[in-house]
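We will go from stop to stop, picking a few residues each time.

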Amino acid sequence: IQKCTIRATKPGLVVYGGGEDRFMQDRIQEGATVRERQVIITIPDTSVMRVRTKIHESNIKRIKPGQKARIRVDAYPEEELFGTVEKVGVLPNAQNRWLNPDLKVYDTFVIVDGNYPWLKPGMTAQVEIIVAELDNVLYVPLQCITNIDGKQACYVQKGDRTELRFIKTGDYNESFIEVKDGLK
């Protein structure tokens, strides 16, 4: 019985199970059978918090360790946190491969700058990774751009008619795209 007593090596929040594989295991409770090397509890280090986000394969080439990020925690939407990309997964996340085998997303970890006592493991957050900062550029909503014969184009209002313009685009995000040439 003495060898079955578990003592924490440090103070902190106790999390039952192994974290990632907690859904694959039986619930840990009194009288449950445990196997050798099964993680029963962990005490996460909350002095350094990080966010795991998933990046679609079409954007993965733009994400690199060291990039800065803005973070919003759903429970505290008025608080804006900042962080740094720690690492980008090498293999796609296989969690939803049965539901959508064509969807390839890569786990990306962002370390939160600073220490916030209200920040808890498991909270939901939105992460915006800053891949580039562009000053003094012309940009339009993504929906304005169309492809015609392999060229990018948009329509411009001139008086009471519209005019088709072929343009050259640059960097983009989920809402806007930079226009390098073809519009003023």
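Where is the place of Asp149? Select Asp149 and you will find it in the loop between β9 (146-148) and β10 (151-158); strands here are DSSP runs of E with at least two residues, numbered from the N terminus. Before we go on, a word on the model: it is predicted, with local features needing pLDDT of at least 70 and side-chain atom pairs counting only at pLDDT 80 or more, while totals for chains, interfaces and linings use all residues. Residues are numbered from 1 along each chain as its sequence is written, and side-chain values use heavy atoms, leaving out hydrogens and water.

Stay on Asp149 and check its backbone. Phi is positive there, about 55°, although Asp149 is not a glycine. Most residues other than glycine have a negative phi. Asp149 is also exposed, at 77% relative accessibility; exposed means over 50% relative accessible area, computed with a 1.4 Å probe on protein chains only.

Together they make an open sheet of three strands in the order β9-β10-β11, with antiparallel pairing. Because β9 and β11 (161-166) stand at the edges with a single partner strand each, one side of each has no neighbour in the sheet. From one strand to the next, the twist averages 45°, an angle between N-to-C directions on a scale from 0 to 180 degrees, with axes as lines fitted to C-alpha atoms.

Zoom in on β10 and β11. These two run antiparallel and are joined by six bridges; strands count as paired if DSSP finds at least two bridges between them.

Next, select Asn136. Which loop holds Asn136? The one between β7 (125-129) and β8 (138-141). Phi of Asn136 is near 55°, a positive value in a residue other than glycine. Asn136 is exposed too, with a relative accessible area of 84%.

For the last stop, select residues 68-73, strand β4, and residues 76-88, strand β5. They run antiparallel, joined by six bridges, and form a hairpin with two residues between them. Show Arg72 and you will see Glu80 of β5 opposite. What is the bridge partner of Val85 in β6? Select Val110, and you have the partner.

Technical notes. Helices (H or I, at least four residues) and strands (E, at least two) are DSSP runs, numbered from the N terminus. Buried means under 20% relative accessible area, exposed over 50%, partly exposed in between (1.4 Å probe, protein chains only).
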